[in-house]
Amino acid sequence: MNQDPLVIVTRKLPDSIESRMGELFNVRLNPTDQPLSKEALLDAVKVADILVPTVTDKITADIIQNAGENLKLIANFGAGVDNIDLDAAKEAGIIVTNTPGVLTNDTADMTLALMLAVPRRLLEGAIFLNDPANKWGGWSPTWMLGHRLGGKSLGIIGMGRIGQAVASRAKAFGFKINYHSHRRIADEIEQELGATYWESLDQMLARMDIISVNCPSTPATYHLLSARRLALLKPTAFIINTARGDIIDENALATAIENGTIAGAGLDVFEHEPEIDHRLLHNDRVVALPHMSSATLESRIDMGEKVMINIKAFIDNHNPPDRVFPAANHVRSRA
Ligand code: 8YV
């Protein structure tokens, strides 16, 4: 590695993070915040020792294979690493790190915000009052009726950090907590959350009032909520997704909402961001947000801190704390 490794950051980060990075590293920032084109990304990986990408940078096998020999660390600014071809990185001997934990609570808060907003018609009410074309005639006993949350069954898909943070908040609202996850959580945590584990996702889907998607996007979870599975939901059920868009077949979801085979959705993420199926916009039964669940200043600063800790550890020849896959020598020693 170079004496003074070059760190290339693909997007504008909070000022305090950028200035600290400038003090610590030989860093190339992106003050314009324009997402890098594929060509610009290719140029960046040819000269960088360390790349700091975000969810908007697709670090494909092609990009990794065309990287310069110096590229040794991809320190992702984000918890999800579905933007990076991990197999290609592993193959090329490039370490990948992420920023887990620091955006858990903010993402869970926004998940709850959507769980409240959709059944309680929050956006519809706010839009009504703000539209100068409307004149509010005052309270009415049968107007703007939504659905009660307490006592309803919530089915969480993916009971990792964020899923558990959603469960503890939802418990306080009186939801019955259910979950499906590739790994069952410890008994004590299940008991604390009052959570029921469903081995069969299909069976859980058929019985829930609200589904919250909180698993990572991996090849195994691509279109996990397929047209077939969406058809298992009750027509009164709502879907909330603050994880990744491609876990749900977006076209099938929009069709289900259009046909009334499910009641509505709260969506912070989309399959082909920033494109969104037009049927999910301007629709009273959908609250759509522009991928902002973790968008707090605090979380962005904490994410930046994690990125810097990972880079610093790597440069100082320590094991970066947030490695996505284990060190090669670790794998070898277990064999
Ligand atoms: C981030 C996220 O804002 O960290 C994640 O996985 O989904 C987001 O909330 C984004 O990914 C940053 O790259």
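The structure is a predicted model, in which local features need pLDDT of at least 70 and side-chain atom pairs count only at pLDDT 80 or more, while totals for chains, interfaces and linings use all residues. Residues are numbered from 1 along each chain as its sequence is written. The chain is assigned two domains, domain 1 (6-101 + 297-334) and domain 2 (104-288), with bounds that come from an automatic or database domain assignment.

**Domains**

- The centres of domain 1 and domain 2, taken over C-alpha atoms, are separated by 31 Å.
- Five residues of domain 1 are in contact with seven residues of domain 2, where contact requires that the C-beta atoms of two residues, placed from the backbone, lie within 7 Å.
- On the side of domain 1 that touches domain 2, there are one nonpolar, three polar and one charged residues; here Ala, Val, Leu, Ile, Met, Phe, Trp, Tyr, Cys and Pro count as nonpolar, Asp, Glu, Lys and Arg as charged, and the others, Gly among them, as polar.

- Five strands form an open sheet in the order 2-1-3-4-5 with parallel pairing; strands (E, at least two residues) and helices (H or I, at least four residues) are DSSP runs numbered from the N terminus, and two strands pair if DSSP finds at least two bridges between them.
- Strand 2 (26-28) and strand 5 (95-97) stand at the edges with a single partner strand each, so one side of each is left without a neighbour in the sheet.
- Neighbouring strands of this sheet are turned by 20° against each other on average, direction ignored.
- Strand 3 (residues 50-52) runs parallel to strand 4 (residues 73-75) and is joined to it by two bridges, with Ile 50 standing opposite Leu 73 in strand 4.

**Helix packing**

- Helix 5 (residues 104-117) packs against helix 7 (residues 161-172) at an angle of about 50°, with the axes 9 Å apart; axes are lines fitted to C-alpha atoms, for helices over the stretch in contact, and angles run from 0 to 180 degrees between N-to-C directions.
- That angle makes helix 5 oblique to helix 7, given that angles under 35 degrees count as roughly parallel, over 145 as roughly antiparallel, 65 to 115 as roughly perpendicular and the rest as oblique.
- The residues in the contact of helix 5 with helix 7 include Thr 104, Ala 108 and Met 115 of helix 5 and Arg 161, Val 166 and Ala 170 of helix 7, and by class the contact divides into seven nonpolar, four polar and two charged residues.
- The axes of helix 1 (residues 15-24) and helix 12 (residues 297-315) come within 9 Å and cross at roughly 15°, which makes helix 1 roughly parallel to helix 12.
- The contact is made by Ser 16, Ile 17, Arg 20, Met 21 and Leu 24 of helix 1 and by Ile 301, Gly 304, Met 308 and Lys 312 of helix 12, with five nonpolar, two polar and two charged residues.
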